[in-house]
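Thanks, everyone. Let me put the structure up.

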Amino acid sequence: AQRVTQPEKLLSVFKGAPVELKCNYSYSGSPELFWYVQYSRQRLQLLLRHISRESIKGFTADLNKGETSFHLKKPFAQEEDSAMYYCALSLSGGSNYKLTFGKGTLLTVNP
Amino acid sequence: NAGVTQTPKFQVLKTGQSMTLQCAQDMNHNSMYWYRQDPGMGLRLIYYSASEGTTDKGEVPNGYNVSRLNKREFSLRLESAAPSQTSVYFCASAWDRNTEAFFGQGTRLTVV
């Protein structure tokens, strides 16, 4: 069965420090991986996805199939990055597919 | 654009009562989802619908039923609410597995 693991429930860093939110997955096929973010009192929204290989708000994430990881990184954290971050895995079986989330990591960036 | 709209935003139920959470999307998406969000548990998939006319169980389907009424609407029903179903419920929709899922604003449900 597919699984997404985010080992850290809480992560606290100071402004300007590098940040890395870890995500590991288990899936035997070719995964589609995403990072979603939920700011306080806002809807869950897409931050980035691995197929687009883009950098959003200074965040990047690289899919490492050998280590089955998709860690989210930012070299210099900002206070406005404080939020709940979810790693998600999309998989398909025939014409169906579903989106599975990890338990989330609450990032706090201190001034 | 309305995106994904959920109703109601808040609801308090007594144990044993029933209710239906409504979800509608105006983006012509094929897939729709219902999740519950609990502290320390993240988002857990209750049911999903890959296309109109199909529904499948997710991780935590017990105590819930769903209806994909048409392409736009996907409702979640609690037949006999229990305190363990106190949670925040999110509806989401997506075009396909490679594209962004859009979420509703959530329904905060309390069962007393």
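Which residue does B:Asp38 form a salt bridge with, and how far apart are the closest N and O atoms? The partner is B:Arg36, and the closest N and O atoms are 2.8 Å apart. By salt bridge I mean a side-chain nitrogen of Lys or Arg within 4 Å of a carboxyl oxygen of Asp or Glu. B:Asp38 is buried, and B:Arg36 is buried too. Buried is under 20% relative accessible area, exposed is over 50%, and partly exposed lies in between, with a 1.4 Å probe and protein chains only.

Some ground rules. This is a predicted model, where local features need pLDDT of at least 70, side-chain atom pairs count only at pLDDT 80 or more, and totals for chains, interfaces and linings use all residues. Residues are numbered from 1 along each chain as its sequence is written, chains are lettered from A and ligands numbered from 1 in the order in which they are written, and side-chain values use heavy atoms, leaving out hydrogens and water.

Over all chains, the count is 6 salt bridges.

Now chain A. A:Glu20 pairs with A:Lys22 in a salt bridge, closest N and O atoms 3.2 Å apart. A:Glu20 is partly exposed, at 28% relative accessibility. A:Lys22 is partly exposed as well, at 30%.

A:Glu20 also forms a salt bridge with A:Lys73, at 3.7 Å between the closest N and O atoms. A:Glu20 sits in strand 3 (residues 19-21) and A:Lys73 in strand 8 (residues 69-74) of chain A, so this pair ties together parts 53 residues apart in sequence. Strands here are DSSP runs of E, at least two residues, numbered from the N terminus. A:Lys73 is partly exposed, at 41%. Through shared partners, salt bridges join A:Glu20, A:Lys22 and A:Lys73 into one network.

Conventions
Helix = DSSP H or I, 4+ residues; strand = E, 2+ residues; numbered from the N terminus.
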